[in-house]
Amino acid sequence: MQPDYNIAIWTAVGHIPVGKVATYGQIARLAGFPNSARAVGRALAILPSDTRIPWHRVINAKGQISFPIASEKFKEQALRLTSEGILIKQGKISLTLFGWEL
DNA sequence: CAACTGACCATCC
DNA sequence: AGGATGGCCAGTT
């Protein structure tokens, strides 16, 4: 099991400009899997902690972080996003303002 | 081998 | 506007 899914997805994620965010659906589309947003979630889930992939720039279609509000993962992602200039109000990110390729 | 699960999404009510 | 429903697809149980 070493499908290129993950490679394609990671590559697409790596193309997200700093200060912008993309949804799983967008990434899936860019990677060549129009109906497999879930593949993106999987690909990101198996990333090692020392990865250089900006996984934090990937959020769900609701414009929110796809983690339990109190989890460490959530906090880390929120921190990384804010430090890149992305504003999170009430746990929600404005895709209109920070969405990649609108 | 069948069923469940999940860092999801679009549509319908 | 918020909740339920169906579809997707690969890795686990």
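Which residues lie nearest the centre of the largest pocket? I looked this up in a predicted model, where local features need pLDDT of at least 70, side-chain atom pairs count only at pLDDT 80 or more, and totals for chains, interfaces and linings use all residues. Residues are numbered from 1 along each chain as its sequence is written, and side-chain values use heavy atoms, without hydrogens and water.

**Pocket.** I found Leu44, Ala45, Trp55, Phe67 and Lys73 nearest the centre, among 16 lining residues. A pocket here is an open set of points on a 1 Å grid over the protein atoms alone, where a 1.4 Å probe fits, with protein on both sides within 12 Å along at least five of seven lines; lining residues have an atom within 4 Å of a point. I noted about 290 Å³ of space in the largest pocket, a volume being the space filled by probe spheres set on the points. Helix H3 (37–45) and helix H4 (72–82) each give two or more residues to the lining, and H4 gives the most, with four. Helices are DSSP runs (H or I, at least four residues).

**Helix crossing.** I then checked H1 (residues 5–14) and H2 (residues 24–31), whose axes come within 9 Å and cross at roughly 115°. Axes are lines fitted to C-alpha atoms over the stretch in contact, with angles from 0 to 180 degrees between N-to-C directions. Ala8, Ile9, Ala12 and Val13 of H1 meet Ile27, Leu30 and Ala31 of H2 (contact: heavy atoms within 4.5 Å).

**Aromatic pair.** My search of the whole structure gave one aromatic pair. The ring centres of Tyr5 and Phe33 are 4.6 Å apart and the planes stand at 35°, so the pair is tilted (centres within 6.5 Å; under 30 degrees is stacked, over 60 edge-to-face, the rest tilted). Tyr5 is in helix H1 and Phe33 in the loop between H2 and H3, 28 residues apart.

How values were computed: Chains are lettered from A and ligands numbered from 1 in the order in which they are written. Rings of Phe, Tyr and Trp (its six-membered ring) pair if their centres lie within 6.5 Å; planes under 30 degrees apart count as stacked, over 60 as edge-to-face and the rest as tilted.
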